[in-house]
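Me: I've got a protein to look at and I'm still new to this. Could you go through it with me, piece by piece?

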Amino acid sequence: MKKIINDPKTVVAESLRGLAAAHADVLRVEDDPAIVVRVDAPVAGKVAVISGGGSGHEPLHGGFVGQGMLAAAVPGAVFTSPTPDAVEAAVKATTGDAGALLIVKNYTGDVLNFETAGELAAAEGLDVRSVVIDDDVAVKDSTYTAGRRGVGGTVLLEKITGAAAERGDALDAVEALARKVIGQVRSIGVALTAPTVPHAGEPSFDLADDEIEFGIGIHGEPGIERTAVVTADELVARMVEAIVTDLPFGEGDKVLLFTNSMGGTPLVELYLAHGIAERLLAERGIVVERRLVGPYITSLEMQGMSLTLLRLDDELTELWDAPVNTPALRWGV
């Protein structure tokens, strides 16, 4: 294993110190338990949107803390859910009378720990709601979940709900908006190589040089099947088909297309794939109105990609376009 680290046991803590040093204008990091908090939190009169999960998916979630997005992020160890006390600390650090919305990816540990933290915070008089995102169309159940996994749609959900909170929407409205987004977003991923978790020291699974894993999860969970390497045209066509037929998306739909690197895929390949996806959607009469391309929800150094489609309307488009100032997403400010 070759990684730029000191000790596998301190990777997350040292990375968080670097995040804080690089983006002190936007966020701060608190220790014991570790949380990433918007620098001006709590913001009076505004809902706190909070998310989190295992580390190793950067910039998710800490990279999305700041104006117009998350009030706080709760990082666990690599590929490990954060503990309830850490989630509760994030709630207490950011939540005022307007309440908080917890965005939870559908992994068993995340769901249980965020649910426990929400109950603890509620017992202290805070109005805390939670939503669970499950946008992966690949599998119904997996190594980490009961039901579909939460993957790339999480980024879009955090941006849109964060924008609604920033403009002053009440908690009921932010929660309803979150459920709307969850109902209209779908994703699928593929892997060319496996990630290597620092404390494990070896790849999470084996893939032959001529194989890909179709429908992979963001922790390296198995997908639908292993297939031979195919051309980019063939691969993206299969990914688009899986997403479009699931919701389903249809002719005349306006969408946001998110083409995501799993960490090790270079942009020259990612843009190539994005261009193919745009063409295939246009052929179906699906209108791509907004786009995001890059490594925004990763799996350490895994080579691979995911595609996410969100059906847009005027409200969702306006909230996507709203100003955001975080380490990983920044426009309009």
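Me: Is Ser 261 buried or exposed?
Reply: Bearing in mind that this is a predicted model, Ser 261 counts as buried, because its relative accessibility is 2% and the cut-off for buried is under 20%.

Me: Where is Ser 261 placed?
Reply: Ser 261 belongs to strand β10, which covers residues 254-261.

Me: And what does its side chain reach?
Reply: The side chain of Ser 261 comes to 3.2 Å from the backbone oxygen of Thr 265.

Me: Which residues is Ser 261 in contact with, leaving aside its neighbours within four places in sequence?
Reply: With those neighbours set aside, Ser 261 is in contact with Leu 270, Gly 294, Pro 295, Tyr 296, Ile 297, Thr 298 and Gly 304.

Me: How many bridges join β10 to β11, and do they run parallel or antiparallel?
Reply: Seven bridges join β10 to strand β11, which is made of residues 287-294, and these two strands run parallel. Within this pairing, Thr 259 stands opposite Val 293 of β11.

Me: What do β10, α7 and β11 make together?
Reply: Strand β10, helix α7 (residues 267-283) and strand β11 make a β-α-β unit, and the unit is right-handed.

Me: What about β10 and β12, how do they run?
Reply: Strands β10 and β12 are joined by seven bridges and run antiparallel, with Phe 258 standing opposite Thr 308 in β12.

Me: Why is β12 described as largely enclosed?
Reply: Strand β12 spans residues 304-311, and seven of its eight residues are buried, so the rest of the structure largely encloses this strand.

Me: Which strand do seven bridges join to β12 from residues 185-191?
Reply: That is strand β7, which runs antiparallel to β12, and here Ile 188 stands opposite Leu 307 in β12.

Me: Changing topic, where is Gly 250 found?
Reply: Gly 250 is in the loop that lies between α6 (232-244) and β10. With a relative accessible area of 27%, Gly 250 is partly exposed.

Me: Another loop, then: where is Thr 95, and what is its side chain doing?
Reply: Thr 95 is found in the loop between α2 (84-94) and β5 (100-105), and its side chain reaches the backbone oxygen of Val 91 at 2.7 Å. Thr 95 is buried, with a relative accessible area of 10%, and the residues it contacts beyond four places in sequence include Pro 42, Ala 48 and Leu 126.

Me: Zooming out, how many helices and strands are in the protein?
Reply: The protein has eight helices and 14 strands, and 55% of its 333 residues count as buried.

Me: What radius of gyration does the protein have, and what would a compact globule have?
Reply: A compact globule with 333 residues would have a radius of gyration near 20 Å, and the protein, with 19 Å, agrees with that. The C-alpha trace spans about 55 × 50 × 35 Å along its principal axes.

Methods: Residues numbered from 1 in each chain as written. Predicted model: local features only at pLDDT ≥ 70, side-chain atom pairs only at ≥ 80, totals over all residues. Heavy atoms only, no water. Helix = DSSP H or I, 4+ residues; strand = E, 2+ residues; numbered from the N terminus. Buried < 20%, exposed > 50% of the residue type's maximum accessible area, 1.4 Å probe, protein only. Polar contact = N/O pair within 3.5 Å; in protein donor to acceptor, adjacent residues only side chain to side chain. Contact = heavy atoms within 4.5 Å. Pairing = 2+ DSSP bridges. Right-handed = clockwise from strand over helix to strand, strands pointing away. Rg over C-alpha atoms; globule rule 2.2 N^0.38 Å.
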